[in-house]
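Please examine the sequence and the structure shown below. The paragraphs that follow lead through selected features, beginning with a term that the description requires.

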Amino acid sequence: MTQSEFIRILAMRHGLSLECVRRLVGAMLDSLEEGLAEGERCILRGVGTLHVVRREGGKRRNPRTGEEVEIPPHGVVRFNPSHRPRPRP
């Protein structure tokens, strides 16, 4: 599902305008981005957790050219899905 499909579905289910839902989703994503940039863990109950993991820098080799490239240390966003209880048979 793409972001635009998600926005369209939310708007239809709740009887809101596309622009209203687009602004709401945009504000939510901006807030998540700001929190992650500050090193916070973003917990979305029932969905999962987003957090930043630091990756070490070092030398890597370009597979196409064989040239060595220096990679600086950087952060990578990780997502851990929540564990929802399975329905009992």
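Two residues are said to be in contact when heavy atoms of theirs lie within 4.5 Å. The model discussed here is predicted.

With that term in hand, consider His-51, which is placed in strand 2 (residues 48–55). Once neighbours within four places in sequence are set aside, the contacts of His-51 are Leu-36, Arg-41, Val-76, Val-77, Arg-78 and Asn-80. Is His-51 buried or exposed? The relative accessible area of His-51 is 13%. Because the term buried applies under 20%, His-51 counts as buried.

Attention may now pass to the pairing of strands. Strand 3 (residues 58–61) and strand 4 (residues 68–71) run antiparallel and are joined by 4 bridges. Within this arrangement, Arg-61 faces Glu-68 of strand 4, the two standing opposite each other. The hairpin formed by strand 3 and strand 4 has 6 residues between the strands. In that hairpin, Gly-66 adopts a positive phi near 80 degrees.

Which residues line the largest pocket? The lining is made up of Phe-6, Val-25, Met-28, Leu-29, Leu-32, Leu-44 and Val-47. Helix 2 (residues 18–37) supplies the largest share of this lining, with 4 residues. In terms of residue class, the lining of the largest pocket comprises 7 nonpolar residues, with no polar and no charged ones.

Methods
Residues numbered from 1 in each chain as written. Predicted model: local features only at pLDDT ≥ 70, side-chain atom pairs only at ≥ 80, totals over all residues. Heavy atoms only, no water. 1 Å grid on protein atoms, 1.4 Å probe; cavity = no way out; pocket = protein on both sides within 12 Å on 5 of 7 lines; lining within 4 Å. Nonpolar A, V, L, I, M, F, W, Y, C, P; charged D, E, K, R; others polar. Buried < 20%, exposed > 50% of the residue type's maximum accessible area, 1.4 Å probe, protein only. Pairing = 2+ DSSP bridges.
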